Amino acid sequence: MGHAPIFLAGVGLGGFIAWTFACRAAARRDRRCGRMLSFVNHELNTPATAVGMAVVNLLSGIFGELSADQRKWLELTQNQLGRLNSLVGESRDFVHLELLRDLRPVLAPAAPAMIIDAALSCMRCGFEHSGVELLAAVPEGLPRVRADAERLARSLASLLCHARKFRLCGPVRLSAAVDGPVVSFEIDYMGQVLSPAEIAASLDLWYPARARKDQLLAASGLGLGFARRLTRLCGGEMEFASDDKGRARLRLTAPVYGEA
């Protein structure tokens, strides 16, 4: 064998070793960053919870009667604290999903009505204060679903927040129904006309971080892509569609408990 092949083999082996060490260093850095960010998100929950309890006590009248204006602004504060807790939860899940890669949803039987109630509890006030009509039509007798109830409710609330933000006119409608082996939660609203490419791009996990020439916020919370990744991890699906008039539909599904 000549010197050239031996030299090239050595260069290749050296490059491979360097690449391996670089990958391991990057993985260690990601894990360290992930643990740090997870800790930060945990710490953010502490003051948010304390402020939330203070607001609950004020609204209960424990410190005296409230005027209509005081109650209005305290309810708005409570709504925003609920949204803050949801964002912290999404941020924590993102860290465990992408950096630590150890996110494990807790799947158990859950009632769709309770999931919807949990999502609406932190959204109704926000819709009222923003002057957007929220119409919810949920039939009785829906079968239980196999889901991580907390994360499913949070994702549903995030989709409602997206609809409120990007709605142009008319109400936001929430409905639920059995669709074969799944229960489907659907949100309809009138928004901007979007191309198929724009719709597909908005479902990318990293869409909110894309470089833009303008300063417009193109997503709500961690974006539709995160909600879709989390829903799929829980055994469901999340879809986004819009027609040529701008009528948009967000559809989130969860498998019926007991279905194969």
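What follows is a conversation about a sheet, a helix packed on it and one threonine in a predicted model.

Guide: Because this is a predicted model, local features need pLDDT of at least 70 and side-chain atom pairs count only at pLDDT 80 or more, while totals for chains, interfaces and linings use all residues. Residues are numbered from 1 along each chain as its sequence is written, and side-chain values use heavy atoms, leaving out hydrogens and water.

Visitor: What makes β2 and β6 edge strands?

Guide: Five strands form an open sheet with mixed pairing, in the order β2-β4-β5-β7-β6, and β2 (134-137) and β6 (237-242) each pair on one side only. Strands are DSSP runs of E of at least two residues, and two of them pair if DSSP finds at least two bridges between them.

Visitor: How do you know that β5 and β7 pair?

Guide: Nine bridges join β5 (residues 182-190) to β7 (residues 247-255), where at least two are required, so the two strands pair, and they run antiparallel. Within this pairing, Glu186 stands opposite Arg251 in β7.

Visitor: What does helix α5 touch?

Guide: Helix α5 (residues 149-166) packs on the sheet, touching β2, β4 (169-179), β5, β6 and β7, where contact means heavy atoms within 4.5 Å.

Visitor: Why is Thr231 called buried?

Guide: Buried means under 20% relative accessible area, exposed over 50% and partly exposed in between, with a 1.4 Å probe and protein chains only; Thr231 has 5%, so Thr231 is buried. Thr231 lies in helix α7 (residues 224-233), and touches Gly236, Glu237, Met238, Leu252 and Thr253, not counting residues up to four places away in sequence.

Note on methods. Helices (H or I, at least four residues) and strands (E, at least two) are DSSP runs, numbered from the N terminus. Axes are lines fitted to C-alpha atoms, for helices over the stretch in contact, and angles run from 0 to 180 degrees between N-to-C directions.
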